[in-house]
Amino acid sequence: MNTLITIREADPTGPDATAVSALLRAYLQQTEREKRVHAGEDAPENLDVTVLPEKYQREVDQPAVALANSRILLAEKLGRPVGIVVLHPGGGATVPGGDAPGTEIKRLWVSPEHRGGVGRALLEAALSEVQGAALLSVWDWRHDAIGLYTRLGFVSIPSRDGRPRLEWLRRAVR
């Protein structure tokens, strides 16, 4: 890992609250924009996502409450927050494939200007903390992310929800 990158657990109730909120907002806004583009709503007025859907806005406004049962890892480059990943133990359901309930990895995000190793470092840090299988979901148009997940041992599994184009991946217990 690049020595300029540090990864640590974030404190969303204290000094990291602003950074956690900002990184979650960036991730969620970009995701909403991409979903609209891939649904054919690429007119400029449709890409304004200053207002997020309520379920996502809650994560931005109150990450410590919305993600209370999760661990949040923060990536910093030269002391500046540049990335985030959320680990949700249990992932809400038994993992397909016979493993015990696993950990869902969510909201993996690196600020675009800091990409190039930070995402992998965050994911590897997250995986080092996972007890059991790891689960994650990814939109099928995020080819770079899917490539990273595949290189780190994730395989496609049946969908856990009905959203079209959302792929679910699992990495077995290591």
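This is a predicted model: local features need pLDDT of at least 70, side-chain atom pairs count only at pLDDT 80 or more; totals for chains, interfaces and linings use all residues.
View 1. By class, 16 nonpolar, 9 polar and 16 charged residues make up the lining of the largest pocket, where Ala, Val, Leu, Ile, Met, Phe, Trp, Tyr, Cys and Pro count as nonpolar, Asp, Glu, Lys and Arg as charged, and the others, Gly among them, as polar. Of the 41 lining residues, Tyr27, Arg107, Leu108, Arg142 and Tyr149 lie nearest the centre of this pocket, a pocket being, on a 1 Å grid over the protein atoms alone, an open set of points where a 1.4 Å probe fits, with protein on both sides within 12 Å along at least five of seven lines, and lining residues having an atom within 4 Å of a point. Residues are numbered from 1 along each chain as its sequence is written, and local features need pLDDT of at least 70, side-chain atom pairs count only at pLDDT 80 or more, and totals for chains, interfaces and linings use all residues. Side-chain values use heavy atoms, with hydrogens and water left out.

View 2. With a relative accessible area of 26%, Gly153 is partly exposed, that is, between buried (under 20%) and exposed (over 50%), using a 1.4 Å probe and protein chains only. The C-alpha atoms of Gly153 and Ala172 are 8.1 Å apart, although 19 residues separate the two along the chain.
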